[in-house]
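Please examine the structure shown below before reading on. The paragraphs that follow lead through it step by step.

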2 protein chains.
Amino acid sequence: MKFQDATSAEIDSIMNAAWQAFMMYRQTTLQQRANLMRQIAKEMEAAGDELIQTAMRETNLPEARLRNERARTMFQLTSYADACEAGHWLEVRIDTAVPDKGDPDLRKWQVPIGPVVVFGASNFPFAYSTAGGDTASALAAGCPVIVKAHPAHAETSEIVAKAIARAIAKEKLPAGVFAHVHGAGFETGKALVTHPHTRAVGFTGSYGGGKALFDWANQRKQPIPVFAEMGSINPIFLLPGKLAVSAKEVAAQCFGSITLGVGQFCTNPGLIVGIEGKDLDLFIEELGTAISKAVPGTMLHPGIAKAYTEKRAAALAGADVATVAVAGTEPQVNQGRPTVASATAEAFFRNPLLHQEVFGPYSLVIQCKNKGDMLGVVRHLEGQLTTSLMATDQDIADHPEVVAAAQDICGRFILNGVPTGVRVALSMQHGGPFPATTDSRFTSVGADGIKRWVRPLSYQGWPDALLPDALKNGNPLHLWRTINDKLTNDLI
Amino acid sequence: MKFQDATSAEIDSIMNAAWQAFMMYRQTTLQQRANLMRQIAKEMEAAGDELIQTAMRETNLPEARLRNERARTMFQLTSYADACEAGHWLEVRIDTAVPDKGDPDLRKWQVPIGPVVVFGASNFPFAYSTAGGDTASALAAGCPVIVKAHPAHAETSEIVAKAIARAIAKEKLPAGVFAHVHGAGFETGKALVTHPHTRAVGFTGSYGGGKALFDWANQRKQPIPVFAEMGSINPIFLLPGKLAVSAKEVAAQCFGSITLGVGQFCTNPGLIVGIEGKDLDLFIEELGTAISKAVPGTMLHPGIAKAYTEKRAAALAGADVATVAVAGTEPQVNQGRPTVASATAEAFFRNPLLHQEVFGPYSLVIQCKNKGDMLGVVRHLEGQLTTSLMATDQDIADHPEVVAAAQDICGRFILNGVPTGVRVALSMQHGGPFPATTDSRFTSVGADGIKRWVRPLSYQGWPDALLPDALKNGNPLHLWRTINDKLTNDLI
């Protein structure tokens, strides 16, 4: 099915409707928003096999994975609904008046920023797309959402959009709380980001795409925040003590993470860094053997398969890059062939191409001469979503500089684990220093993702009856609030 | 005294030292940072009369005001020190492992973002300058600070910088935790903002200055956040019920706020909006009488006085702008003459010049024909630090659209008060939609200002002994933490 690109007149009309809906939606109670999110989860389930079959056809992802991903998306919606209702994210602060000092009564909470434009990811047609984390967190915040469908799964997106629209109707909310826009070219995205009623942008995808949105948003007369999650190579550092005792086990963990989902995760480990010697040799041998027995998988769409083939070839063609192993089975059309290569730290320092993401089942092992080389590799890296250490406690004690530098460049710092597998929890940080994301101070996974779409508003000198419930003396929402610098759930 | 502009080699050396100091300073305990801030407060006091006299000479501000401002700055330092120690800003979230579901242990807190460059304001030589709120909040966060001295009070800044350096030495911290740079032209600022070791920027000043820093920061290879507080005209809306009963009192309040400190506050009310009729006439008459009896005051420096004279003249020359009253006393050199003008809503809609700040003791009264005009005025306004309503409860009920629209454009929403007087408290929001500030999601006053300089970091799968104290099972810092979605100060 082919969808028409939205015209600029259509986008203008959609954004005006979103703005009108915002006037009403921001006044909904936390419970109303939570009900909407729970209803969206139900409607996604009700979309049944048609949704799964359509997504299978559009993304080449296997049925089990898509059923899991839908369940995850429903869990996200309901867990963000719970967080919405709990209201910690409102961050209520109250300082009562001190007439002797002339200090007025001041009460601060978070208000929704306005309509949020969401660009979903191709690799998560449910969880980071139409009804994914950005949409759920923006709805929790009280913001209308306008999703630009990913062209690689436009029909899937259309089905989910209709599920959302049904939920909105059932909850008797204005239709303009959600809109769905198609657009194959960049013009649609640009028109959405630059529209005066757009107040924030969420994006998951490539560096090129995210950076373009970021620049458009900053060049507006009124710049708006963009939270773009872009590429990441998620380096794993193999420290020598750990490798000496567990080279085989670590190789098996890395193999699983590299090839999971045909390597099509933003947390796929694209770089593995060790210090040369027999333990690293054993690790490479084990990883290579596993990779050579791996089976190529069909990638999300022809564009991604083509990019993988080209970037992989360019990386392997680099001076001083050795191919360690490729999957023995010849890949079919649009399949990605699992591959591991290796290079020296020297080569890595010289060749910036080796610092870049090859999106797919590919990883590069860097063989360092010593600790100093390993520190050099960390310092050459840009910002990452994650870094992982494979290390014993003694390794941590012996490599303070590597540990500190590896922590500096990431949002999630993993010990003896692999980066794939992003737990949906308040404690998750899915956002790292640029270019992993455009603002390392926010996350796109977990209930703290709501904070991207709200801003603080202080009321000065308002009588109790005119304040929002969250700020009233009687604490009718039973919130935890900081009152005169003391955290309490008491009333005043 | 004339100071040399820092050369780019000097800036490079300063930023390298800041980066080195960061490696150590970020590992200090909350108590160490709080001790530093309290010691800076003591050293500012110890700087004694010399500091006050120098500031008087450089800024033309009266002695009493400067003594008050120093006391306020010391209060800021000690109150941010208290907030630093209390550690709520660390926003600790812990989700323990759920092995059955394969969920790893995840623990998130906030880590300092890195060296912060601060550009102080000319109008607050202490409180928003060298040892002001930006510096205090960045030091609390664990970030080294590099202050570019405001050229209008470079000697004052130098004395405060030396006080900070003494405090750092007494607390046995690396000298690079703080640096002080002079530079009269934009080159110094640009070199600081674009240096690779700079990780964030704080600024208080004009739109032109703040926007330039914002653009430079976004054009970097690795963009960095800029929190710039720029202009604001802080509109006051006079609703008819209130005006009918309190026109004189409201006029007296407005007069005090317009002329306070020769109008040189970022929260000075530059626009007053009412609905035409006898009550508004009375208000204007009272305000005009008070203004005509006011005495011109010497402004901060010749540049500000010149800008005030020119912008005031341009505004008064606007078509359909009527001068209501000017201070009767002729101004001396560098003095600002208190002035109130008026215009119709129609004129305001036509002439964008009237939407702009005239920094000084000037305010424009807009006479609306009706509610609709008043709503139109709000909708023509850009983002503001504050908006104020002078209103009875019935007025609030009768003007829901004006109330909603006025709230939308500000960070602090005041009822029956004036915008000048910024309480230093956790509940303060000093930051509004662009162009009041570059990011409405943050504040530059109150302990939440610390959040500008930190980013979340999650630890996945780390053993208790290797975690930072804030994240340890035993909760040795006695913090409030969210553990498995429950807020508690218990241990695990």
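**A guided reading of the structure**

What covers the buried residues of H6(B) includes helix H2 (30–46), helix H3 (48–59), strand S4 (145–148) and strand S5 (178–181) of chain B. The names H and S denote DSSP runs, helices (H or I) of at least four residues and strands (E) of at least two, numbered from the N terminus. This is a predicted model, in which local features need pLDDT of at least 70 and side-chain atom pairs count only at pLDDT 80 or more, while totals for chains, interfaces and linings use all residues. Residues are numbered from 1 along each chain as its sequence is written, and chains are lettered from A and ligands numbered from 1 in the order in which they are written.

Which residues of H6(B) are buried? They are B:Thr156, B:Ser157, B:Val160, B:Ala161, B:Ala163, B:Ile164, B:Ala167 and B:Ile168. These residues cover an arc of only 155° around the axis, which puts them on the same side of H6(B); the arc is that of the directions from the helix axis to the C-beta atoms. A residue counts as buried if 20 or more other C-beta atoms lie within 10 Å of its own, as exposed if 12 or fewer do, and as partly exposed in between, with C-beta atoms placed from the backbone. Just after H6(B), B:Lys172 takes a positive phi of about 60°.

The strands S4 and S5 belong to an open sheet of five strands in chain B, in the order S5-S4-S3-S6-S7, with parallel pairing. Two strands pair if DSSP finds at least two bridges between them. S5 and strand S7 (226–229) of chain B stand at the edges with a single partner strand each, so one side of each is left without a neighbour in the sheet. Strand S3 (residues 116–119) of chain B and S4(B) are joined in the parallel sense by four bridges. Within this pair, B:Val116 stands opposite B:Val145, and B:Val118 stands opposite B:Val147.

In a regular strand the side chains alternate between the two faces of the sheet. In S4(B), B:Val145 and B:Val147 point one way and B:Ile146 and B:Lys148 the other way, and all are buried. H6(B) lies across S4 and S5 of chain B, running at about 160° to S5(B). Such angles run from 0 to 180 degrees between N-to-C directions, and axes are lines fitted to C-alpha atoms, for helices over the stretch in contact. Helix H7 (residues 186–194) of chain B also packs on the sheet, where it touches S3, S4, S5 and strand S6 (200–204) of chain B.

S11(A) is joined by four bridges to strand S13 (residues 339–344) of chain A, and the two run antiparallel.

How many residues of chain A are in contact with chain B? There are 50, and they meet 50 residues of chain B; two residues are in contact if their C-beta atoms, placed from the backbone, lie within 7 Å. The largest share of the side of chain A that touches chain B, six residues, comes from S17(A).
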